Amino acid sequence: MGQIEWAMWANEQALASGLILLTGGIVATAGQFTLWYFGAYSIAAGVLVCLLEYPRGKRRKGSTMERCGQKYMTSVVKLFGPLTRNYYIRSILHIALAVPAAFLLATILGTACLVIASAIYLMAAIHGEEWRPIEQKPKERPQIGGTIKQPPTQPPPRPPAEVRRKQPEEAGEASGGPQSNPIPVSDEVV
């Protein structure tokens, strides 16, 4: 059985926790909770986490499904280099963003989810994983002459080669002339 890629799981967890943190911050700010300014902080932290986590990293083996519009955010994440590529730094960043949001009941669920995502990123970093962008490969055009040796002469469905009839030109020459008709025609009108 293959090894777990911790970063894929951490990315999904962190993106969900950013959305939960954002939602809790909106509730706390709109409801004018006693410590509503922590709600405003949670909105900003949730947006930052969502922007950082939206582009998926490339998997080691197999293919990775790119999120819709990810290529625009990938260039921004690549711009920050090792700050966003290294999972130790992401783990520390998520813990640091989660601490102030822990002081408000509306954002405590987002905080807990962000702490879990931070722990998973720490596991990914320990296992030597690193964020790599998904790069589009140029599509190769097939070589027409290289793949088809002899184009088919009959339309589908084609019988096997040994059962096929002779071509019409060959059949006409063999039966006595080019005007021969394989289907007999009778002159009687019914």
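Mentor: V76, L79, F80, L83, Y88, I89, L122, M123 and I126 make up a nonpolar patch on the surface, and together they have about 840 Å² of accessible area. Two or more residues of the patch come from each of α3 (70-79), α5 (87-101) and α6 (108-126). The largest share is that of α6, with three residues. Patch members have over 30% relative accessible area and no salt bridge, and nonpolar side chains (Val, Leu, Ile, Met, Phe, Trp, Tyr) are joined within 5 Å. A salt bridge here is a side-chain nitrogen of Lys or Arg within 4 Å of a carboxyl oxygen of Asp or Glu. Areas follow the Shrake-Rupley method with a 1.4 Å probe, and for residues only the protein chains shown count as cover. Helices are DSSP runs (H or I, at least four residues), numbered from the N terminus.

The model is predicted: local features need pLDDT of at least 70 and side-chain atom pairs count only at pLDDT 80 or more, while totals for chains, interfaces and linings use all residues. Residues are numbered from 1 along each chain as its sequence is written, and side-chain values use heavy atoms, with hydrogens and water left out. The protein chain averages a pLDDT (the predictor's confidence in each residue, from 0 to 100) of 81.

How values were computed
Patches are made of residues with over 30% relative accessible area and no salt bridge: like charges are joined within 9 Å, nonpolar side chains (Val, Leu, Ile, Met, Phe, Trp, Tyr) within 5 Å.
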